[in-house]
Amino acid sequence: MVFSFDLLINAIISGILIGAFYAAVTAGVSLSFGILDIVNIAHPAFIILGSYIAYIVNVSLGLDPILVSILATPAFYVLGAGIYQIYYVSFEKRGQESLRGLAFFFGLLFITEVVLVLYFGVDYRYVEAPYIGPTWHFGFVDIPLRILVPSLVSLLMIAVLQLVLTRTFIGRAIMAVAQDQLALKLMAVDPIRIKRIAFGISIASASLAGAFLIVIQPVEPSVGREYIGRVFAICVLGGMGSLPGTVIAAMLVGIVESLTATFYGPSWAPAVSFGFLLLTLAVRPAGLLGR
Amino acid sequence: MRSSLFLVICLIVGGAIFGAALALNNDYYFFAGYVVLQYVVLATAWNILGGYCGYVNFGSAAFFALGAYSTVAVHKLYPLPIPLLVIVGGIVSGIVGFGMGYLTLRLRGAFFAIATLALAVVLQTLIVNWDFVGGSRGAYIVRPEAIWPFGSYIKYLFVVMMLLAIGAITVARVIERSRLGYGFATIRDDELAAEASGVPTLRLKLIATTISGALMGMAGAPFPYYIGFLQPSSAFGLDYAVNSIAMPLIGGTTSWVGPLVGAVLLGSLQQLATVTISSAVNLLIVGLLLVGFVIVAPNGIIGLVQKFIGHRPVGQVGRRRIEADAKEHVP
């Protein structure tokens, strides 16, 4: 393999951009798994759901997919809050979240995927938007707008989430739920309500991430499965629930994946995140910016 | 009941089922029965780790595929008889199970579950890139027409899988009634307390992942001969992962009966639905049943039956015995 400087720089830049998108995909899991301790392995399925909603509205009304996803966040929030309520009553309250709670989310993942397959088939779907075609060229560096736009909006979304978590009452209460539920109760805050809100926000972020995904690449129902390993690897590497850590970890994974795809072939890229996951678990389970 | 007696009864029942299928004189029953038996092995194997220890393995398909692909790899080198291939598949998957457990089980339980999910993706990547076993194109295994004394080859495969299923159930039952099983139950109920009372939890968990992984690999080993053409997407099919979780949870996780009941019911239902409706719909049925059961009937069918009869849930054998001991010692 001939080493090429152009390729290297291009791979690193596209890795950073893709990494920003990965951060948006992982942000929801950082909230649910990192902070609330809910192992929501169905998160990628909600992301695919978001992709399909963006696709349907885009095809029928011609609206911008990212705008659609922002408009869809209240619906996703309600969905998330509802799912948390079921999860709480059926599993968390009975202390069965470890086995049956996991199976519950696995079932949700599975049902979403099969229903999408039954309705839309396994064809790849894509959206139309003005920024999907063109590419900016800076010397030998190519930046496709279809990746740049979602990355920038991703970073914006994470910045907003971080501000909400650190500056608002609800956000601080969410951080507090992770640390000490009893103390929160003594402050006259209902931890269940806070968790419901946090899980709703987590699922709402999946709506946006879904739109980013379908802007970046065509989507079919089982694409979500590729993201499970990646998302949890990034979440663990970033330090479970730290959004800045998530961004750093996501970019790291993005860069290494992009380098692997460039120099060894794209079929090896999925193995990268798993390598990261195992390495993190073995060497530093607390992650990069662990609490 | 003694384990040897149990084994004999299982063999007699297995023989009777084989005889009944022979009497129907239609190879379809062997093809369908093979799949159901395969699920019995997978569900029982999953339950040894999932039901007894409370650790969720989402990567059943990966262990299954490891078994299947070790058969393909060995077959390319030298075609061994199937029983030996089963052992090879079991060893390979057992080692991978041990390795996974060693890396992740020292941490919280959820990490193991996530790592198994990722394992499936990565193993599939490796297999797709490994040309020796066919890569993404898949590999052909030519099944011999007939084998003595079974007549058609599918009957032979059916018998192999029947013996594997009986073996798996016996192993599960022996574990359940041994010190090992009580150790597993302490991990499931309260790992911290178990650790504090001197139960070697890590060692027990590693034993469980190894046995469970090995059994899944064994179930996968004859699969290339069954299907004739093995592709990564069929060996790593999501239906294995979801079924091997759904079957024990729907049947009941605390004893060997649950996975057996779940696998036979769900397996037969799916065979029926595949023929009459479609294979996508039958996966949807499994998903809905899984979610429905974990919410409404956490102890599965066995739990429902026991509630109906008025017994305590199984798997509390240990507790019953402890209570009985306590009564004896009360003056």
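Student: Why is Gly220(B) called buried?

Tutor: A residue is buried if 20 or more other C-beta atoms lie within 10 Å of its own, partly exposed in between, and exposed if 12 or fewer, with C-beta atoms placed from the backbone. Gly220(B) has 32 of them within 10 Å, so it counts as buried. One caution: this is a predicted model, where local features need pLDDT of at least 70, side-chain atom pairs count only at pLDDT 80 or more, and totals for chains, interfaces and linings use all residues. Residues are numbered from 1 along each chain as its sequence is written, while chains are lettered from A and ligands numbered from 1 in the order in which they are written.

Student: Which residues does Gly220(B) touch?

Tutor: Leaving out residues up to four places away in sequence, Gly220(B) touches Phe64(B), Ala65(B), Leu66(B), Gly67(B), Ala68(B) and Gly89(B). Touching, or contact, is when two C-beta atoms, placed from the backbone, lie within 7 Å. Gly220(B) itself sits in helix 9 (residues 201-220) of chain B.

Student: What makes that a helix, and how many helices does chain B have?

Tutor: Helices are DSSP runs of H or I with at least four residues, strands are runs of E with at least two, and both are numbered from the N terminus. On that count chain B has 16 helices and four strands.

Student: How do you know that chain A agrees with the rule?

Tutor: A compact globule of 291 residues would come out near 19 Å, and chain A has 19 Å. Its secondary structure comes to eleven helices and two strands, and 52% of its residues are buried.

Student: What makes strand 1 and strand 2 of chain A a pair?

Tutor: Two strands pair if DSSP finds at least two bridges between them. Strand 1 (residues 135-138) and strand 2 (residues 141-144) of chain A have four bridges, in the antiparallel sense. In the hairpin, with two residues between the strands, Gly139(A) takes a positive phi near 60 degrees.

Student: Why is helix 6 of chain A called roughly perpendicular to helix 8 of chain A?

Tutor: Their axes come within 9 Å and cross at roughly 110 degrees. Axes are lines fitted to C-alpha atoms, for helices over the stretch in contact, with angles from 0 to 180 degrees between N-to-C directions. Under 35 degrees counts as roughly parallel, over 145 as roughly antiparallel, 65 to 115 as roughly perpendicular, and the rest as oblique. That is why helix 6 is roughly perpendicular to helix 8 in chain A.

Student: What classes of residue make up the contact of helix 6 with helix 8?

Tutor: In chain A, that contact has eight nonpolar residues, no polar and one charged. Nonpolar covers Ala, Val, Leu, Ile, Met, Phe, Trp, Tyr, Cys and Pro; charged covers Asp, Glu, Lys and Arg; the others, Gly among them, are polar. Lys195(A) in helix 8 is one of the residues that meet there, and Ile170(A) in helix 6 is another.

How values were computed
The radius of gyration is taken over C-alpha atoms; the globule rule is 2.2 Å times the number of residues to the power 0.38.
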